[in-house]
Amino acid sequence: MALTRTVRRWLAALGIAALVTAAGTAPAGAAAAGDDLALYANNAVLTPGGTLRTISVYPLTDRPLPSSTLTVDRGEVDAFALVEPPPGTRSCTESGAVIRCTVQGGADSALLHLSVSARDGATAGQEGRLTLTLSTPDAGTATARPTITVGEGVALVAAAELPLSGRPGARLPAPLAVTNRGATPARGAVLLVQGPYPLLPDRRYQNCQYAERPVPDLGATVFACFFPDAVLEPGATARPDDSFALRFRRDAWAPDDLRGNAFWFTPADWREFLSIARLGDRLGPWGTQGTLRLTTTAGLASAPPQTDVDPYDNGTALFLHVTGDQRADLAADGATVTGVVGATVPLTVGWTNNGPAATTVDGSQQLWTLARVRVPEGAVAVSAPRSCQDVRQIRDDDPGPEIPEYGWGVPGAREYECHATENVPPGGQLRLRFELRITRAASTGRIELRHYRGDERRPDLNPANDSAIIRVAPPASGGAGGGGTLPITGDRTALTAGLGALLLVAGAAGYLLARRRHTRFVA
């Protein structure tokens, strides 16, 4: 079963997989120190004799940290939890309940991974907090207080795979299920479903939360359903009621094969997952279309929190097959910039999806697109998108010291190859933003789209509009000039059919901007 990176990150905190960093909002476990520095650490739920957990400590800052001191006060949890620095580390010392470590790193690298396990004699319901204090030589201090809880162990198991198939727009009944393979009744459950852009929930229930925009490392479609009163007895299996289904978008590329996942959590493990995935205290707003129910017995009034002793078998891989024949026409968008010699002007080029299918980065049978951008001879690129690579780096394994490694986003190239990782619905545009310094009064360049399936180049629905001119022109009245127009090319008759999809993905703009500062998707 292929798990997304955010699910793997949660499993990593159980000591099972390697931790991968994600972008996101800081959860309750993060505390600020002014505007420049904050500290993040995830919570952990333990069970006696259960899986080892990991608490990972990150600085929330935009700049690298110099050598600093991280103090871990475990006094509040020492009676029931064993908290240890990484084995074999020489940068940490221990004195009583306090660990002191010399650390350094940045926003995308952990300062420290602490191993956490329940002590012999720990009992379900015990809870306390670590106190983490980061002291830096030039940015002050920051603190975080992650919670460690001892839970009751249960054993939930889900089917490893579920194939789903249908045409664009089809409703997909999804008989997901979870079984209690342990000896303890499981009280409450949370079902997380995540998938690519073409997948949607068929209904939005009152007891489910729906992400309003793509979630980093989870996907374009993410929702979670909550069953706090469900009780799953040992050996029993629970399923959502027959109203539960998924759906393919009407603009889905077809035929195509994609992947999604469904994952079952105990309520305590879900709270821990939110902490590790940095999703705040909830995934998104609640639905309004009735209540989704599980076929289980009534709930219990109160009990200790529960954690899964082997959460790696809680997931179901969704194999999604879109049938039919629906593809897309991508039209290259050139531009004209004006300015006097010596001026620096913005240039925006890219392409428009004329539909009828959306283009996404998830499917195995649809085309993926590169844009070759040739800078006009009378201009020099002084900045380029991070998604664009100097073509010389592609053609030559050793291009020389003038090109940084891989050549992504470097200025000065005459030709760039630009990659796209965004979903673009019908009517949507992918925009690449450059800055040019004009060196000659008038000249031209070109943007050319190249489409591939795997390593084989393939045409889209209309190859005739796959290239466009980039012009540098002097200002009409001799002014300073500047700016760039982006002509919209190609057949626009498919726009009306795509408006619904446009509205659904418009909220993704903030996420896409955060992921690519110089590549802008416009719906």
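Mentor: A disulfide is counted here when a pair of cysteine sulfur atoms lies within 2.5 Å. In general terms, it is a covalent bond between the sulfur atoms of two cysteines. The model is predicted, so local features require a pLDDT of at least 70 and side-chain atom pairs count only at pLDDT 80 or more, whereas totals for chains, interfaces and linings use all residues. Residues are numbered from 1 along each chain as its sequence is written, and side-chain values use heavy atoms, leaving out hydrogens and water.

By the rule above, there are three disulfides. When the bonded cysteines are numbered in sequence order, the pairing reads 1-2, 3-4, 5-6.

Consider the link between Cys92 and Cys101, with an S to S distance of 1.9 Å. This link is right-handed, with 110 degrees about the S-S bond. Both Cys92 and Cys101 are buried; a residue is buried under 20% relative accessible area, exposed over 50% and partly exposed in between, using a 1.4 Å probe and protein chains only.

Another disulfide is formed by Cys208 and Cys225, whose sulfur atoms are 2.0 Å apart. The torsion about their S-S bond is about 105 degrees, so this disulfide is right-handed. The pair links distant parts of the chain, with Cys208 in strand E21 and Cys225 in strand E22, 17 residues apart. Helices (H or I, at least four residues) and strands (E, at least two) are DSSP runs, numbered from the N terminus. Cys208 has a relative accessible area of 0% and is therefore buried; Cys225 is likewise buried, at 0%.

The remaining link joins Cys388 to Cys418, at 2.0 Å from S to S. Its torsion of about 110 degrees makes the disulfide of Cys388 and Cys418 right-handed. Cys388 lies in strand E33 (residues 388-390) and Cys418 in strand E34 (residues 415-419), so the pair ties together parts that are 30 residues apart in sequence. Cys388 is buried, with a relative accessible area of 0%, and Cys418 is buried at 0% as well.

Strands E21 and E22 (residues 221-232) run antiparallel and are joined by three bridges; in E22, Phe223 is the bridge partner of Tyr210. Contact means heavy atoms within 4.5 Å.

Aromatic side chains complete the picture. Phe226, Phe263, Phe265, Trp270, Phe273 and Trp286 form one aromatic cluster. Rings of Phe, Tyr and Trp (its six-membered ring) pair if their centres lie within 6.5 Å; planes under 30 degrees apart count as stacked, over 60 as edge-to-face and the rest as tilted. The structure holds 11 aromatic pairs. In one of them, the ring centres of Phe265 and Trp270 are 5.3 Å apart and the planes stand at 70 degrees, so the pair is edge-to-face. Phe265 is buried at 0% relative accessibility, and Trp270 is buried at 4%.

Finally, the whole protein provides the setting. Its secondary structure comes to five helices and 40 strands, and buried residues make up 51% of its 523 residues. Among contacts with a separation of 6 or more, 82% are between residues 24 or more positions apart. The protein exposes about 22,200 Å², of which carbon and sulfur atoms supply 49%; accessible areas come from the Shrake-Rupley method with a 1.4 Å probe, and for residues only the protein chains shown count as cover.

Conventions:
Two strands pair if DSSP finds at least two bridges between them.
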